[in-house]
Amino acid sequence: MLRSVVTGVGAALPPDIVTNDDLAKFVDTSDAWIVERTGIHARHRAAADMPTSDLATSAARQALAVAGRSAADVDLIIIATTTPDLTFPATAAIVQRKLGAPVGIAFDVQAVCSGFVYAMAVADNFIVRGMAKCALVIGAETMTRLMDWTDRGTCVLFGDGAGAVVLEPMSGEGTTADRGILGFALRADGTKQDLLYVDGGPSTTGTVGKLRMQGNQVFRHAVVNISEAVIAAAEQAGITLSQVDWFIPHQANQRILDGVARRLGINADRVISTVAEHANTSAASIPLALACGVADGRIKPGQMLLMEAMGGGLTWGAVVLRL
Ligand code: ACO
């Protein structure tokens, strides 16, 4: 059977770093409060002339180089983003042009912080049906554009960045020893919209809007929902959580990462955390964390990975793969 195998990983962060102390100069907050409640120390912020597609293109180029592929090989581009360059065209089509990739399939997935997990599942379906031979799955965001800089409950939490993977088909035996995507669980519950949303859009206000959140409610749902999706994805993949080498969570808040790990009995030394330096980069956070773990040598080929996320929608999910 065909499996969708990650053959390259890449990341991009804008050069400007904003520390908690920088924020405390214009918002009523402090480094101590942010670190204690979130684990965040700093975030990267894209300059006004740096759109999401620039970050995505840079991460994609790196992933293609690692995979030993060129833009000419790419036949599918899926970008998970909630901060597209324009209302349309899809940022994936803009990235296709910037990469110089040939005519193929390119579209965006909008599932907010769960976007990368959703996009991996979508790409997997194209690959196992034989419809794509070299897919780029990218999470890319400029979340700082959606901040209300007078709302201390949200503006301290988010940052900008992008991460990308190349997915290619390889034949497997149909067992958990195969490399590639082994299972996933995807969920959405639209009745929880009020907990986390952006108060603008082309068909309502005609504006981009700002992010609004009931943080403590989101927190409560995150731990329960993510844990459920992790168990469901592991079951679908036919593995137990003890077989997972690395958990790569969406990086929202260190307390959410710790809460999920505690609930599932996972040791902190099997969890990749980048929230301290990146803050919450929404759909970009999982591939950024993956790229960090690969770059520093912790994550190795052949290991079992479990990625999980929850975000606006609410949406949530998890994906299991062997690297
Ligand atoms: N600095 C100082 N004080 C603050 C700040 C800040 N940046 N933000 C809020 N406070 C204050 C509040 O005003 C409140 O003050 P009060 O008691 O005088 O009214 C007090 O801190 C406590 O507020 P809570 O909202 O109850 O604080 P909590 O411990 O829940 O922490 C936080 C808030 C960090 C937002 C937390 O709820 C959280 O992380 N939730 C998850 C939200 C999240 O990560 N969303 C991202 C998208 S979804 C996802 O990615 C999973």
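## Basis of the description

Helices and strands are DSSP runs, numbered from the N terminus (helices: H or I, at least four residues; strands: E, at least two). The model is predicted, and residues are numbered from 1 along each chain as its sequence is written. Local features need pLDDT of at least 70, side-chain atom pairs count only at pLDDT 80 or more, totals for chains, interfaces and linings use all residues, and side-chain values use heavy atoms, with hydrogens and water left out.

## The five-stranded sheet

Five strands form an open sheet in the order S1-S7-S6-S4-S5, and their pairing is mixed (two strands pair if DSSP finds at least two bridges between them). Strand S1 (2-12) and strand S5 (105-109) are the edge strands, each of which pairs on one side only. From one strand to the next, the twist averages 20° (axes are lines fitted to C-alpha atoms, for helices over the stretch in contact, and angles run from 0 to 180 degrees between N-to-C directions).

Strand S6 (residues 135-142) is joined to strand S4 (residues 76-80) by five bridges in the parallel sense. In this pairing, Val-137 of S6 stands opposite Ile-78. S6 and S7 run antiparallel and are joined by eight bridges; Ala-162 in S7 is the bridge partner of Ala-140.

## Burial of strand S6

Eight of the eight residues of S6 are buried, so the strand is largely enclosed by the rest of the structure (buried means under 20% relative accessible area, exposed over 50% and partly exposed in between, with a 1.4 Å probe and protein chains only). In a regular strand, side chains alternate between the two faces of the sheet. In S6, Ala-135, Val-137, Gly-139 and Glu-141 point one way, while Leu-136, Ile-138, Ala-140 and Thr-142 point the other way.

Helix H5 (residues 115-128) lies across S1, S4, S5, S6 and strand S7 (160-171), and runs at about 160° to S4.

Met-120 is located in helix H5 and is buried, its relative accessible area being 0%. Apart from neighbours within four places in sequence, Met-120 is in contact with Val-6, Val-137, Val-165, Leu-167, Ile-181 and Leu-321. A separation of 23 Å lies between the C-alpha atoms of Met-120 and Gly-100, which are 20 residues apart along the chain.

## Packing of H7 and H8

Two packed helices are described by the angle between their axes and the distance between the axes. For helix H7 (residues 215-237) and helix H8 (residues 254-264), the angle is about 45° and the axes are 9 Å apart. H7 is therefore oblique to H8 (angles under 35 degrees count as roughly parallel, over 145 as roughly antiparallel, 65 to 115 as roughly perpendicular and the rest as oblique).

H7 contributes Phe-219, Ala-222, Val-223, Val-224, Ile-226, Ser-227, Val-230 and Ile-231 to the contact, and H8 contributes Arg-255, Ile-256, Gly-259, Val-260, Arg-263 and Leu-264. By class, the contact comprises 10 nonpolar, two polar and two charged residues (Ala, Val, Leu, Ile, Met, Phe, Trp, Tyr, Cys and Pro count as nonpolar, Asp, Glu, Lys and Arg as charged, and the others, Gly among them, as polar).

## Backbone features in loops

The model has a cis peptide bond from Phe-88 to Pro-89, with omega near 5°; Pro-89 lies in the loop between S4 and H4. The peptide bond from Gly-313 to Leu-314 is also cis, with omega near -10°. Leu-314 is placed in the loop between strand S12 (304-311) and strand S13 (315-322).

The loop between helix H9 (275-278) and helix H10 (285-295) holds Ala-279, and Ser-282 is likewise found between H9 and H10. Although Ala-279 is not a glycine, its phi is positive, at about 55°. Ser-282, also a residue other than glycine, has a positive phi near 50°. Ala-279 is buried, with a relative accessible area of 0%, and Ser-282 is buried at 1%.

Notes:
Contact = heavy atoms within 4.5 Å.
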